[in-house]
Amino acid sequence: MTDIKYWAESKATGGGRNGTSGLVNGQLTVTMAGPKELGGSGLGHNPEELFAVGYAACYLGAMRFVARNE
């Protein structure tokens, strides 16, 4: 049996790249819009930006872990 340590649930409404996305618990809601460079309004965020933010935080955590153990 799997011992689940953490669980997060999200939802998206609207047209995917246009609409809102957020956590079901209400602690984070983001307005989604395509970037102007790709024909969108640019009045929100896109999945690539959100991925970049999460990746940066994860990478920093990994670097700090390695530095602490060196």
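Colleague: What should I know before I start?

Modeller: The model is predicted: local features need pLDDT of at least 70, side-chain atom pairs count only at pLDDT 80 or more, and totals for chains, interfaces and linings use all residues. Residues are numbered from 1 along each chain as its sequence is written, and side-chain values use heavy atoms, with hydrogens and water left out.

Colleague: How do strands of a sheet pair?

Modeller: They pair through backbone hydrogen bonds, either parallel or antiparallel. Strands (E, at least two residues) and helices (H or I, at least four) are DSSP runs, numbered from the N terminus. Two strands pair if DSSP finds at least two bridges between them. Here, three strands form an open sheet in the order β1-β2-β3, with antiparallel pairing.

Colleague: Which are the edge strands?

Modeller: β1 (10-14) and β3 (29-32), as each pairs on one side only. Neighbouring strands of this sheet are turned by 15° against each other on average, direction ignored. For that angle, axes are lines fitted to C-alpha atoms, for helices over the stretch in contact, and angles run from 0 to 180 degrees between N-to-C directions.

Colleague: How many bridges join β2 to β3?

Modeller: Four, and the two strands run antiparallel. Take Ser21, in strand β2 (residues 19-23). Its bridge partner in β3 is Val30.

Colleague: Is Ser21 buried or exposed?

Modeller: Buried means under 20% relative accessible area, exposed over 50%, and partly exposed in between (1.4 Å probe, protein chains only). Ser21 has 18%, so Ser21 is buried. Contact means heavy atoms within 4.5 Å. Leaving out residues up to four places away in sequence, Ser21 touches Lys11, Ala12, Leu28, Thr29, Val30 and Met32.

Colleague: And where is Ser10?

Modeller: Ser10 is in strand β1. At 56% relative accessibility, Ser10 is exposed. The C-alpha atoms of Ser10 and Leu23 are 4.2 Å apart, though 13 residues separate them along the chain.

Colleague: What describes a pair of aromatic rings?

Modeller: The distance of the centres and the angle of the planes. Rings of Phe, Tyr and Trp (its six-membered ring) pair if their centres lie within 6.5 Å; planes under 30 degrees apart count as stacked, over 60 as edge-to-face and the rest as tilted. The count by this rule is two aromatic pairs. Tyr55 and Tyr59 have ring centres 6.2 Å apart and planes at 15°, so they are stacked.

Colleague: Why are Tyr55 and Tyr59 separated by about one helical turn?

Modeller: Because they are four residues apart in helix α1 (residues 47-68). Ring pairs link Phe51, Tyr55 and Tyr59 into a cluster. Tyr59 is partly exposed, at 47% relative accessibility.
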